[in-house]
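Trainee: I have just opened a structure that is new to me, and I would like to learn how to read its features one at a time. Could we go through it together?

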Amino acid sequence: MKIFKLILLTVAFLLIGGCASKVEEKPLSELDLLLEKIERAVDPENAGAKIKAMRVTMDSVLTEQNVKVRTSVTYRFPNQVREEGDFAGMMNVVTIFDGQNGVEVTKGMGSRKLTEAEVLHKKFDLLVNNPQLSIKQAYPEITLAPEKVTINGKSCYHLTGYPSPEFKLAPVQMYFDAETYLMVRQEMVTPTPMGDVPMSVDSFDYRDIEGLFVSTRAVARFLGSTMSITVSKVEFNPSLSNDTFKVPDEDD
């Protein structure tokens with residue numbers, strides 16, 4: 001599932017028989033109809049088809065610890081990502097995945113290779129955030145719960161997305177506003193050096209940015225902590241240098 005973009009799904013069936021031909025449309029299921037509405041809500045004009053790279057800058061606060069974090073995530077689709085986090089000037093952490101290998105560098109403290117689970121998660125993150133891809137390309141299997149649920153006062157559809165087995169990831173729970181069809185909440189399990197961490201992310205304040213409807217505020221909950229996130233800038237197809245996805249020197 002895309003954070004920023006879902007490309008419209010299309011279904012067409014052509015049956016040819018004898019000396020005559022006809023077009024017969026197979027009725028879409030309730031789930032397929034819902035996925036179309038979700039994708040139209042996020043990207044009504046198919047703007048994501050032209051996006052080959054993306055940079056998102058966020059300012060966050062860990063509420064309980066009162067720690068401020070500025071994060072910049074840069075994607076070059078389909079297989080490169082750079083994440084940089086500055087913890088109120090106390091610590092700077094850069095994580096890079098170049099399509100094959102992943103490294104985390106903490107300024108002044110050294111570096112480490114990402115674990116297999118972390119590398120697989122980076123690959124999946126690139127997949128679900130690629131604006132050119134559809135929801136079914138991110139989740140080969142999707143199910144719809146029979147009943148709506150209420151999240152943050154909104155009636156929501158509840159979908160479960162099952163990543164491809166190659167990623168070795170748990171299913172992702174997704175909740176979409178029954179009126180706007182925009183995502184309200186995601187619940188997932190994220191691999192970390194400390195093991196798998198359950199996390200939920202509530203999304204708010206969607207805005208139209210170059211044709212895509214983007215959530216500009218979120219609240220994440222994990223390990224008993226709450227993080228308030230504000231998206232300060234979204235750039236599509238930013239200019240990227242050759243060094244963007246090179247592992248930085250520890251002392252840079």
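Trainee: Is Asn46 buried, partly exposed or exposed?

Mentor: Please keep in mind that this is a predicted model. Exposed means over 50% relative accessible area and buried under 20%, so Asn46, with a relative accessible area of 40%, is partly exposed. Asn46 lies in the loop between helix 1 (30–42) and strand 3 (53–62), and its phi is positive, about 60°, although it is not a glycine.

Trainee: Where is Leu223, and what is its phi?

Mentor: Leu223 is placed in the loop between strand 15 (212–222) and strand 16 (225–236), and although it is not a glycine, it has a positive phi of about 50°. With a relative accessibility of 59%, Leu223 counts as exposed.

Trainee: Which residues are joined by a cis peptide bond?

Mentor: The cis peptide bond joins Phe77 and Pro78, with omega about 15°, and Pro78 belongs to the loop between strand 4 (67–76) and strand 5 (80–87).

Trainee: How is a pair of aromatic rings described?

Mentor: One gives the distance of the centres and the angle of the planes. There are four aromatic pairs in this structure. In the one formed by Phe124 and Tyr139, the ring centres are 5.6 Å apart and the planes stand at 70°, so the pair is edge-to-face. This pair links distant parts of the chain, 15 residues apart, since Phe124 is in helix 2 (residues 116–128) while Tyr139 is in the loop between helix 3 (135–138) and strand 9 (141–144). Phe124 and Tyr139 are both buried, and together with Phe167 they form one aromatic cluster.

Trainee: Which ring does the charged end of Arg217 sit over?

Mentor: The charged end of Arg217 sits over the ring of Phe204, at 4.5 Å from the centre of that ring.

Trainee: Which residues form a nonpolar patch on the surface?

Mentor: Met90, Met91 and Met109 form such a patch, and together they have about 360 Å² of accessible area. Met109 sits in the loop between strand 7 (102–106) and strand 8 (110–113), where it counts as exposed at 65% relative accessibility.

Trainee: How many helices and strands does the protein chain have, and what share of its residues is buried?

Mentor: The protein chain has three helices and 16 strands, and 47% of its 252 residues are buried. Its accessible surface comes to about 13,700 Å², and 52% of that belongs to carbon and sulfur atoms.

Methods
Residues are numbered from 1 along each chain as its sequence is written. This is a predicted model: local features need pLDDT of at least 70, side-chain atom pairs count only at pLDDT 80 or more; totals for chains, interfaces and linings use all residues. Side-chain values use heavy atoms; hydrogens and water are left out. Helices (H or I, at least four residues) and strands (E, at least two) are DSSP runs, numbered from the N terminus. Buried means under 20% relative accessible area, exposed over 50%, partly exposed in between (1.4 Å probe, protein chains only). Patches are made of residues with over 30% relative accessible area and no salt bridge: like charges are joined within 9 Å, nonpolar side chains (Val, Leu, Ile, Met, Phe, Trp, Tyr) within 5 Å. Accessible areas come from the Shrake-Rupley method with a 1.4 Å probe; for residues, only the protein chains shown count as cover. A salt bridge is a side-chain nitrogen of Lys or Arg within 4 Å of a carboxyl oxygen of Asp or Glu. Rings of Phe, Tyr and Trp (its six-membered ring) pair if their centres lie within 6.5 Å; planes under 30 degrees apart count as stacked, over 60 as edge-to-face and the rest as tilted. A charge sits over a ring if NZ of Lys or CZ of Arg is within 6 Å of the ring centre and within 35 degrees of the ring normal.
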